[in-house]
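Subject: Structure handover

Hello,

Here is the structure you will be working with. Please open it alongside this message, as the notes refer to residues by number.

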Amino acid sequence: MLFIQLLFVYLVILWIYLLWRRRGFYRVMFQLPGPIGYPILGSLHKLWNNEGVNTLGNLMSTYGPSYLFWMGPTPMYVVSDPRLIQELLTVPNAINKSRLVFGVIQQLLGSAILTLDNPVWSKHRRVLNAAFGHNILLSFMTIFNDESSSLVQELDAFVGKGEKELLSRFQNFSFRTAIRK
């Protein structure tokens with residue numbers, strides 16, 4: 001029993017120490033609009049009403065186009081304003097990715113350009129920018145339009161017929177778009 005009490009005291013002291021070390025960080029975070037999170041759950045209790053994405057939309061109408069949402073003890077800045085998203089994605093200091101989100105994506109995709117960290121990502125991004133320049137993408141617009149129209153025609157056949165397996169249709173669409181000249 002004494003061991004459990006000492007363990008509890010140690011965990012409380014550790015928790016207080018961690019909060020104290022990050023006090024400046026939390027001071028800045030609490031100035032941003034958003035729901036207050038609980039110590040371990042964060043704001044996740046807001047999502048447990050079977051309306052997860054709808055709840056995020058309701059929070060957006062309450063707190064504005066950008067707000068702070070706590071995923072457990074980790075703050076997530078939710079943004080819907082396109083100008084602010086562009087600013088966040090183009091600033092050179094905000095290239096490193098969240099391990100909470102991109103760790104899961106990296107387990108699913110492996111080491112891909114989407115999940116790489118800054119030094120390697122920047123080098124690969126420079127190479128890909130030349131391949132996906134504005135003029136090059138404009139030259140493919142007729143292909144994108146033709147293939148999208150054919151996909152819409154294929155999907156129109158399924159309207160009103162219940163659930164269908166569409167993964168193979170989308171894979172074929174992607175393949176046809178990629179190999180067409």
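Below is what was found, from the overall layout down to single residues.

Please keep in mind that this is a predicted model.

Overall layout

The protein has nine helices and two strands. Read from the N terminus, the order of elements is α-α-α-β-β-α-α-α-α-α-α. The protein has 181 residues, of which 17% count as buried. Taking the contacts with a separation of 6 or more, 43% are between residues 24 or more positions apart.

The two strands

Strand β1 covers residues 66–71 and strand β2 covers residues 74–79; the two run antiparallel and are joined by six bridges. Two of the pairings can be checked by eye. Y67 stands opposite V78 of β2, and F69 has M76 as its bridge partner in β2. The strands form a hairpin with two residues between them, and there G72 has a positive phi near 70°.

Is β1 enclosed or open to the outside? Five of its six residues are buried, so β1 is largely enclosed by the rest of the structure.

Helices α8 and α9

Helix α8 spans residues 141–156 and helix α9 spans residues 167–179. Their axes come within 10 Å and cross at roughly 160°. An angle over 145 degrees counts as roughly antiparallel, and α8 and α9 are therefore roughly antiparallel to each other. The crossing of the two helices is right-handed.

Which residues make the contact between α8 and α9? On the α8 side they are I143, F144, E147, S148, S150, L151, E154 and L155. On the α9 side they are R169, F170, F173, R176 and T177. By type, the residues of this contact divide into six nonpolar, three polar and four charged.

One of the α8 residues in that list is E147. Its relative accessible area is 9%. Buried means under 20%, so E147 is buried. Leaving out residues up to four places away in sequence, E147 touches F173, R176, T177 and R180.

L137 sits in helix α7, which covers residues 134–139. L137 is partly exposed, at a relative accessible area of 35%. Apart from neighbours within four places in sequence, L137 is in contact with F132 and F144.

K46 lies in a loop, between α2 (23–29) and α3 (52–63). From C-alpha to C-alpha, K46 and P35 are 8.8 Å apart in space, while 11 residues separate them in sequence.

If you want places to start in the viewer, go to the hairpin of β1 and β2, then to E147 in helix α8, and then to K46 in its loop.

Regards

Definitions and conventions:
Residues are numbered from 1 along each chain as its sequence is written. This is a predicted model: local features need pLDDT of at least 70, side-chain atom pairs count only at pLDDT 80 or more; totals for chains, interfaces and linings use all residues. Side-chain values use heavy atoms; hydrogens and water are left out. Axes are lines fitted to C-alpha atoms, for helices over the stretch in contact, and angles run from 0 to 180 degrees between N-to-C directions. Helices (H or I, at least four residues) and strands (E, at least two) are DSSP runs, numbered from the N terminus. Angles under 35 degrees count as roughly parallel, over 145 as roughly antiparallel, 65 to 115 as roughly perpendicular and the rest as oblique. A crossing is left-handed if the near helix is turned anticlockwise from the far one by less than a right angle, and right-handed if clockwise. Contact means heavy atoms within 4.5 Å. Ala, Val, Leu, Ile, Met, Phe, Trp, Tyr, Cys and Pro count as nonpolar, Asp, Glu, Lys and Arg as charged, and the others, Gly among them, as polar. Two strands pair if DSSP finds at least two bridges between them. Buried means under 20% relative accessible area, exposed over 50%, partly exposed in between (1.4 Å probe, protein chains only).
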